[in-house]
Every structure is written in structure tokens, then in C-alpha cells.
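Thanks for passing this one along.

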Amino acid sequence: MADEKKRREALIYHAKPTPGKIKVVPTKPYATQRDLALAYSPGVAEPCLEIKKDKENVYKYTAKGNIVAIITNGTAVLGLGDIGPEASKPVMEGKSLLFKIFADIDGIDIELDTKDVDKFVETVKIIAPTFGGINLEDIKAPEAFEIERRLKEELDIPVMHDDQHGTAIISSAALLNALEIANKKIEKVKIVVSGAGAAAVSCTRLYKAFGAVSENIVMLDSKGVIRQDAENLSKEKLEFATKRKINTLEEAIIDADVFIGLSIADILTPAMLKSMAKDPIVFAMANPDPEIKYDLACSTRDDVIMATGRSDHPNQVNNVLGFPFIFRGALDVRATKINEAMKMAAVKALSELTKQPVPEQVNIAYGETRLTFGKDYIIPKPFDPRLIAEIPPAVAKAAMESGVAKAPIEDWNRYREELLKRSGDDNKVMRLLMSRAKRNPKRIVFAEANHIDVLKTAQIAHEEGIAIPILLGNKEVILELKNELEFDADVLIIDPKDESSEAKRKSYAAKFFEARKRNGVTLYGASTKMRERNYYGAMMVLEGDADGMISGHSRAYANVVKPIFEVIGKANNVSKAATAHIMITQRGPLILADTSINIDPTAEELAEITQMTANLGMAFGFDPVLALLSYSNFGSSNHPHAIKVREAVKILHSRSPELIVDGEIQTDFALSKKLRKSQFPFSMLGGKKVNTLIFPNLESANITYKLLKELHAADSIGPIMLGLRKAVHVLQLGASVEEMVNMTAVAVIDAQEREKRRKVKMGLSNETDQ
């Protein structure tokens, strides 16, 4: 049932609301007749004539330099085998998506209906003028070797078969680092390679380029050890055939230092692992099931240095660490090919990056206190924002030094800035948050679980491992809806009105009465309120029966906030609670505050809101750069509205000198480094990218975030509650399932942060929250 559900979910994802995963969007204005006349006839004739004069002008006047063709014939697709060109298209579209989000490269998938090498090569050559590079994908060996070899020889644009070289580059970087940790030399170690396909051959060739010795390498295919005395060996297998008189993996692995798995699941047994040399290096990269399970390998030998292709264990050998950034560097210098020097440069850059201090947002995303170079961290994480600024420059430099770059880079600092602007990293916020939530899921109360969209949210949260849902509402209704959704997991359902909840209801009512008896609450009134889901759910969180709560999908914001404030209340040292939204925009994430609660905060309250918003940013891995907005710039108006913001900035500069914060400032100056530099060079914001906007009142903040959301289709995360004692968050009325899933992750992370602070404070119960 679960597998069938996942199957349908995957099919719906690809089919709705628009079939497929990619589309073409204009990069130039097209609103007026003038725009159209420039885009097409007659204006388009001018760049055509310039390109006719010099073909290299095609890079100046068209998108060729940023387009990579992802080409396959569908003969070796993932673990599916030869499924044909049409069936391979979803995979190729997925590759296009990865090119775009990681390196801002436009990938165009092309599926060829031929298994004939000559026809394949000829077709790619014919269409090559369209593209800046060619990424070959999912082509079976040995044809893959011949196709890539010929295209590299016959085309003057970068060509790479990622199945071969992507894995080779990433695993080589991991291997160099693993050998350093094990204090072993690559030219001395004995290497066993299980698998003889395109990836295995390419990996082994690259290991040799870094110093591995042929005599120390044993390769196996499905028949066993590839020996020189075997008959009918392909050219590639003959290249790695051994003289040793052995036949099995069991024999080959004795005293081996390195095992490279690119074959099938569970082929390496614990007994074989025990027979390896001291500090063995095991890269079990078969996916989804490795040659030996991670936990089994680690429990068999505590000295093993282990990597897999899976994301749920340390040291994932993931091709996304390589191909987007390698093509980015190659395209940016207009390289005529991707050569060995460029691949080796990528390896060295990945290897060195692993040894540098890891940004806090990466630690946060992976739930680590501090990732450091060692057995459990031998290769960077895919979400590492430094990849875009480190790998392409290394590849580009190697292309220039090896003489294959047509457009050398002169200003490397400027190039790195351009890469960071291109980077999909700024738009990885939700991936980072989801990854972090999954590391330590918390018990989250869904107070409106009798609404189908809320229940869908709880289902996704459960199935994705984001949270442990607690469902509040009428049990019969929830069970009926669960059945409709095929949500068959055994999760806790509580009806606050039901007799089964009477004991808890009485206990919660007594505690609520005690806390609110001098605020007009009677015991009878408290008992009545505990029959309401928002009061009951909030008490669950307050009393530690749950870690967090989300509500508000079906009721007006003010009606939901009231019981939250009455039950949970503000954290110590917080005079005003507030809210913030994280907007995922094209320029990166922007945090906006206060978007939902404080109508017209004072200067003192504005300073407090700013501090809480900065704490929120830091909790989610941002380095907050905060602008306090106004219609005035640094004293240009003496109206009380502007003075209020100016006073708030003074308070912040005095109390929190470590914060990068300034104002009052107009929005355009806040968001434009160029404008600030020309007019206000004295500003503390300097040349930094502002990522947090503090509004002078609720009206301006609420209008702005809703405009961004509706007019620019910007994703939003919020409203995120600031300044409460517990991790409780109130949704916007009618929030979508996606928005509620996002908020569930926020609630989980909020609860994680509070747990962390409690541990730091050694059990003190009253903490100051964000």
C-alpha cells in the first residue's frame, strides 16, 4: 500500500499541474510592439548578420553559452536498464532541473531513438551548434565509451558522459581525503573495484591519474575477477585485467586497502570486510542498496572509512557535487572540451573544500554541531553554498592553463561574485529546512486535523520524516479522511471533547485556571475552553505532551492567536511577540517583519522585533543583514514616523553592536548595494546584501509580503511566531498544503532550537526565545 501510494504521488508530481519538470521562459521584455520587433522581425536580423560575420558572436547574442544538451538513448537508465528514449525523458528532465537549481545552467533534454553508435554521433554533431555543451547520460557500455570518445574528438564544445566522469570525480575527491585520514599513499594501496561498467572504468582511470598503480588494482565484473588470461575481453576490461591467479571477490579483497563498489547490493560480506587491511576504505556506491549496508560495515569494523551513494548516511558520493559546477566552469571560459586537467582540478577543489571550516548553515541543515574533516566527513555536502564559488573557478583555471579556453577570465573576484549571484543556493532554503527537520523530528500538534488539507500536511510530514504528527479533532471524521487519503500510519488522534480525554482535559483546565484566575478565568470557563482544540493543543505543548503546534488554516488569525497568547504567553524578557515571513525570491531569501501582529510598534518595540528577527535568521542559518525601512533616508524627514525608525536604530546600535543593522532607509536603497554606495557610503550595511527587512508598522509589512507572494509568485514561509515560550505557529487562513508543510518544518526546527537551548542552560525551564 505504501509503495503504491508513493508511486501515485510520483506520477501526480510529474503530471500536475503541468506535465513535466521544465519550461522555457523569456529573458527579455516582450510587452510592447517595440519589444516584439526587436525580439523577432525586423530587429533579429542584426544579430544574425553579426553572427554570420563571426560565428563566435553566437555567444554574445544568443543563449548558446548557457545551454547544455542532456542526451540519451535510454539504454542504461538509473537502475531500470534499457527502457527506451521516451521512458528516459523524466530522468533527463530531472537532470535539467538539477543543472538549473545548482548552477543556473539551462539544460535541454534530447532523447534519441537509436542504438547505432554512428547514427547517435552523427545526430549529436548535427544539432551541436545549438548548445554550449553536451552532457551524455544513461547510455550503456561499451557504446558509451565510443560515443563520448568520438564526440570529444569531433566537436569544439565541452562533452562529458556524467555516468562515467561524475562518479569518478566525486569518488576521487573522497578517496584522496580518505587516504589522508588513513595515512596511506595512493601509489601503495591495493584497490578492488566491484563493477566494470562505464562508471567503474572511468573511476579507476581517474584513480590512476592521481597515482594508483595498475598492479595494485583488481576489477571484477558479473563473472568474477577480470584476468588477463580471459578470452574476448573488451578494450576497457583488458585495460584493468590482472595477472593474479584469483577468481572471486572473496580472494581479491584479502588485505585490500580500498573497496570501490559500483555493482550490486550486499556483495561485500562482513567476513570479506574483516579480511581487508587496517583502516579499510569502503565506497559502496550501488543505489539504492549498497554493496554492504552502512550500519553493518561500521559495526563489523570500527576502523572502516565508509561512503555510499545514499543521503541518509555520512559521505554521500553524489554526482550533483560535480556536473553542474564542472559545466559551469567550462561554459564560462567557452572551453572546447572537458579534459583530464579540468576533471582533476574539480577533484582537488572538492578535496580541499572538505578541509575548510564548514558554514554554520550547512551544520544546521544536516543537524550537526560542527562538521569537520574526518572519517564521517570526507566529501562536501550537496547543500554547501561554497561549491558554486570553488569548483567552477578551479575548472575554468584548468581549462585556461591547458589551452582549451576561448574566453579566459581576467577578474576572478568578480567572477566569484557572479557565480554567487547565479547560485541556486539562495533558493535552497526549504531544502535546507526540510533536511534539518528530518534529522530530529518532533511531536507536532495539528489542531485542525478534521480538514483534509491539514490532514494531507500531517501525512506528508509523517511520510517524509519531518515530524511526528498528533491529530486533534473528531476521531471518526479523521479516520474517514485518513482512509480517503490512504494515510494508514498509526498516529495519535485526540478528540478534546471525547470521554477518553477527560482526565487530561481536567488536568489542563486546572493548570490553565491557576495561571489565568486573576485574568477573569473561572475553573468552569477553563474546563469549557479545554474542549476547544486550540486551547487543548496549546496546553499539550505547554505541558510537554507535544513539542510544537500549528493551527489557523480554517479560522481567522486573530481568533487563533488569542488562545495561543493566553496559554503559551510570551517568553521571559520579551515585551511584544511578533511574526516574520521568509520570502523565497529571485534575489534570494528575504525575511520580513512584523507581518501579522504589531500594528504600530514604538521605537523600543521595533528594536525588540528587530533583535528577535535577527535571532530567527541566525537560527535558520542566515547571517542577518538588517535594514529598518521608512519613506525617509537617514534623517531626510523629521516626521514622527521616520524619527521612530531612527530611534530604533540608535537603540540597536547601542545594545547590539554586533548586529549588521542600519536605517531609516528606503526599500530601493536597502536592496541596492550600488545605490547605497553612491549615496550613503557611511552606512553600516556597506556593500553587504541585505536579507532582512524590518517594517515600521503592520500595514506596510503585511501589504508587502502579500504583494511579493501574489505578483511575483514568491514562495513564503510564515507567519513565524517570535517571542513565545514554546514552538507554536499560526497559519494564514486558507494556507495551502505546501505552505503548511513548510510551517511544520519551521515548528520542528523551532522545537529543536529550544531543546538545544535547554540543554545548554542545563535544565533551566524559563528560556528567552527568539
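1. Overall build. Please keep in mind that this is a predicted model. The chain's secondary structure comes to 31 helices and 21 strands. Its radius of gyration is 29 Å, close to the 27 Å that the globule rule gives for 770 residues, so the chain is as compact as a globular protein of that length.

2. Burial and contact range. Of the 770 residues in the chain, 54% are buried. If you take the contacts between residues at least 6 apart in sequence, 70% of them join residues at least 24 apart.

3. Helix 26 and helix 27. Two packed helices are described by the angle between their axes and the distance between the axes. For helix 26 (residues 603-619) and helix 27 (residues 640-655), the axes come within 8 Å and cross at roughly 55 degrees. That angle makes helix 26 oblique to helix 27, and the crossing is right-handed. Helix 26 contributes Ala 603, Glu 604, Leu 606, Ala 607, Thr 610 and Gln 611 to the contact, while helix 27 brings Lys 644, Val 645, Glu 647, Ala 648, Ile 651, Leu 652 and Arg 655. By class, the contact has 7 nonpolar, 2 polar and 4 charged residues.

4. Helix 14 and helix 18. Here the axes of helix 14 (residues 323-332) and helix 18 (residues 412-422) come within 13 Å, crossing at roughly 130 degrees. Helix 14 is therefore oblique to helix 18, and this crossing is right-handed. The contact is made by Arg 328, Gly 329 and Asp 332 on the helix 14 side, with Tyr 415, Leu 419 and Arg 422 on the helix 18 side. These residues divide into 2 nonpolar, 1 polar and 3 charged.

5. Leu 693. This residue lies in strand 19 (residues 692-694). Is Leu 693 buried or exposed? With a relative accessible area of 4%, which is under the 20% cut-off, Leu 693 is buried. Ile 591 is 102 residues away from Leu 693 in sequence, yet the two are 6.1 Å apart in space, C-alpha to C-alpha. Beyond neighbours within four places in sequence, the contacts of Leu 693 include Leu 590, Ile 591, Leu 592, Ala 593 and Ala 627.

6. Thr 336. You will find Thr 336 in the loop between helix 14 and helix 15 (340-354). Thr 336 is buried, at a relative accessible area of 18%. Neighbours within four places in sequence aside, Thr 336 is in contact with Leu 155, Asp 156, Ile 157, Pro 158, Val 404 and Lys 406.

7. Cis peptide bonds. Ser 41 and Pro 42 are joined by a cis peptide bond, with omega about 5 degrees; Pro 42 lies in the loop between helix 2 (33-39) and helix 3 (45-53). The bond from Ala 593 to Asp 594 is also cis, with omega near -15 degrees. Asp 594 belongs to the loop between strand 16 (588-593) and helix 26.

8. Positive phi. Asp 255 is not a glycine, but its phi is positive, about 65 degrees. Asp 255 sits in the loop between helix 11 (249-252) and strand 8 (258-261) and is partly exposed, with a relative accessible area of 44%. Asp 279 has a positive phi near 50 degrees, and lies in the loop between helix 12 (270-274) and strand 9 (281-284).

Notes
Residues numbered from 1 in each chain as written. Predicted model: local features only at pLDDT ≥ 70, side-chain atom pairs only at ≥ 80, totals over all residues. Heavy atoms only, no water. Axes fitted to C-alpha atoms, helices over the stretch in contact; angles between N-to-C directions. Helix = DSSP H or I, 4+ residues; strand = E, 2+ residues; numbered from the N terminus. Parallel < 35°, antiparallel > 145°, perpendicular 65-115°, else oblique. Left-handed = near helix turned anticlockwise from the far one by under 90°. Contact = heavy atoms within 4.5 Å. Nonpolar A, V, L, I, M, F, W, Y, C, P; charged D, E, K, R; others polar. Rg over C-alpha atoms; globule rule 2.2 N^0.38 Å. Buried < 20%, exposed > 50% of the residue type's maximum accessible area, 1.4 Å probe, protein only.
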